[in-house]
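The sequence and the structure are shown first.

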Amino acid sequence: MEAFFESRSRSNWSYDTLKNFRQISPVVQSHLKRVYLTLCCALVASAFGAYLHILWNIGGYLTSFACFGTMIWLLSIPPYQEQKRVSLLMASAVFEGASVGPLIDLAIQIDPSVLVAAFVGTAIAFACFSGAAMLAKRREYLYLGGLLSSGVSMLLWLHFASSIFGGSAAFFMFEIYFGLLVFVGYMVVDTQDIIEKAHLGDLDYVKHALTLFTDFVAVFVRILIIMVSQ
């Protein structure tokens, strides 16, 4: 991550930089449009799921397991069954929204503007880091994937340790901020990975939208927790 910010500060954000979009072929550009359109639909479905929780209090472990199950089901279906996979993605988004519903409900009770600020902040971060990944040289940040995977493993071990030995509020906030850093990094790496795979012929826009959706939700949840905790 440090290398990312250093390289961005050294970059010359001029017309020559913007011309890096020419590295992306028209086929890949069309693929990215489908990916981001599908991502937007998934976010709308997730908002609907959160609304269902607020109405009927359905969010919890059951919806979390249902979300995970539909994701696995989606990934097990071949790409040519497009309509079924899109439906499963939307169902997974609804379950994810319902699972995050308790946190969203708490934020609304404290201050509804916090929810709006968290979503806008996540959207801006997503646009900036995805845009940076597109403008960068091909495969420039893919090497960070191994580092970020180690970060996720560390997060899992931290969560496991805190659940067994207990943890302070400071330890919890460290876990939240560290997780935010990791998943912001994944926004960059996953965007470049999707572009690279598309150049190599992998145009599975449903799977790619699912990848970016999980990144977006992970960042949004952590930003919302930080803002609610203030």
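## Describing helix pairs

An angle between two axes counts as roughly parallel when under 35 degrees, as roughly antiparallel when over 145, as roughly perpendicular from 65 to 115, and as oblique otherwise. Two packed helices are described by the angle between their axes and the distance between the axes. The model discussed here is a predicted one.

## Helix H3 against helix H5

Helix H3 covers residues 26–56, and helix H5 covers residues 82–110. The axes of H3 and H5 lie 5 Å apart, and the packing angle is about 45°. The crossing in which H3 passes H5 is right-handed. In the contact of H3 with H5, 15 residues are nonpolar, 6 are polar and 4 are charged.

Thr38 is located in helix H3. Thr38 counts as buried, because its relative accessibility is 8%. Apart from neighbours within four places in sequence, the residues in contact with Thr38 are Leu89, Met90, Tyr205 and Ala209.

## Helix H3 against helix H6

Helix H6 is formed by residues 112–135, and its axis and that of H3 come within 15 Å. The two axes cross at roughly 165°. Because angles over 145 degrees count as roughly antiparallel, H3 is roughly antiparallel to H6. H3 passes H6 in a crossing that is right-handed.

On the H3 side, Leu32, Tyr36 and Leu39 take part in the meeting of the helices; on the H6 side, the residues are Phe126, Ser130 and Met134. By class, this contact of H3 with H6 holds 5 nonpolar residues, 1 polar residue and no charged residues.

## The largest nonpolar core

The largest nonpolar core has 66 residues, of which Leu32 and Leu224 touch the most other members. Two or more residues of this core come from each of H3, helix H4 (61–76), H5, H6, helix H7 (144–165), helix H8 (169–199) and helix H9 (205–229). H9 supplies the largest share, with 17 residues.

Which residues does Leu32 touch, not counting residues up to four places away in sequence? They are Ile24, Met134, Ile194 and Ile195. Met134 also belongs to the H6 side of the contact between H3 and H6, and Leu32 belongs to the H3 side.

Definitions and conventions: Residues numbered from 1 in each chain as written. Predicted model: local features only at pLDDT ≥ 70, side-chain atom pairs only at ≥ 80, totals over all residues. Heavy atoms only, no water. Axes fitted to C-alpha atoms, helices over the stretch in contact; angles between N-to-C directions. Helix = DSSP H or I, 4+ residues; strand = E, 2+ residues; numbered from the N terminus. Left-handed = near helix turned anticlockwise from the far one by under 90°. Contact = heavy atoms within 4.5 Å. Nonpolar A, V, L, I, M, F, W, Y, C, P; charged D, E, K, R; others polar. Core = buried A, V, L, I, M, F, W, Y, C linked by side-chain atoms within 4.5 Å. Buried < 20%, exposed > 50% of the residue type's maximum accessible area, 1.4 Å probe, protein only.
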